[in-house]
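These entries record what I looked up in one structure.

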Amino acid sequence: MVRTTSLSRPIIESLYSEALLLADEVRSVFALGMGEPAADTSDQLRLALSSEGLRATTRMMHILAWLLNQRAYFAGELNEAQLRRHGRLPEDRPSRAEDLDLLEHGTRDLIDDTIRLHRRIARLDQAWGERFDAQPMVHHMHERLGRALNQR
């Protein structure tokens, strides 16, 4: 995987487009799922759909808010201090395995897609918060090797 050393407008715009498509998919799946439930739908399934739908929707709204803040920064509507103070991505709330087990395979895949996108954005947010000061992996390995050799 190629590591970026900064965020750029094209990266943010690409992620924003991806997030909008995924958010629309989440909305359509869970809006349909939240309609009038079938008579044979269990209370557990309805609760699982409701709670996982809320988690996926909230996850997507956090992602979109983060991306909108980044877009505002690139447009000059926010300065770096404002973005650092108010533009951090909130931590994700994990899904419950018991709830996921009750959902259809396609719905679980969609939830997994939102989780993966959140993790990607979280890595960017963390790197941006550290001003992309992370050293390349080879430097970390070199330091560890040096410490191991010095301990002998």
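Predicted model: local features only at pLDDT ≥ 70, side-chain atom pairs only at ≥ 80, totals over all residues.

I took a salt bridge to be a side-chain nitrogen of Lys or Arg within 4 Å of a carboxyl oxygen of Asp or Glu. Residues are numbered from 1 along each chain as its sequence is written, and side-chain values use heavy atoms, with hydrogens and water left out.

Entry 1, salt bridges. I found 11 salt bridges in the structure. I looked up Glu 13 and noted that its partner is Arg 71, with the closest N and O atoms 2.8 Å apart. Glu 13 belongs to helix H1 and Arg 71 to helix H2, so this pair ties together parts that lie 58 residues apart in sequence. For helices I used DSSP runs (H or I, at least four residues), numbered from the N terminus. Glu 13 is partly exposed at 28% relative accessible area, and Arg 71 is likewise partly exposed at 28%. My cut-offs were under 20% for buried, over 50% for exposed and in between for partly exposed (1.4 Å probe, protein chains only).

I noted a salt bridge between the side chains of Arg 59 and Asp 92, at 2.9 Å from N to O. Arg 59 sits in helix H2 and Asp 92 in the loop between helix H3 (80-86) and helix H4 (97-102), 33 residues apart. Arg 59 is buried, with 2% relative accessible area, whereas Asp 92 is partly exposed at 23%.

I recorded a salt bridge from Arg 96 to Glu 98, with 3.3 Å between the closest N and O atoms. Salt bridges with shared partners join Arg 96, Glu 98 and Asp 99 into one network.

I defined a nonpolar core as buried Ala, Val, Leu, Ile, Met, Phe, Trp, Tyr and Cys residues joined through side-chain atoms within 4.5 Å. The largest such core has 28 residues, of which Met 60, Trp 66, Leu 67, Leu 117 and Ile 121 touch the most other members. Helix H1 (9-33), helix H2 (43-74) and H5 each give two or more residues to this core. Beyond four places in sequence, Ile 121 touches Leu 15, Ile 63, Trp 66, Leu 67 and Leu 89, contact meaning heavy atoms within 4.5 Å.

I located Thr 107 in helix H5 (residues 105-129). Thr 107 is buried at 11% relative accessible area, and, leaving aside neighbours within four places in sequence, Thr 107 is in contact with Val 29 and Phe 30.
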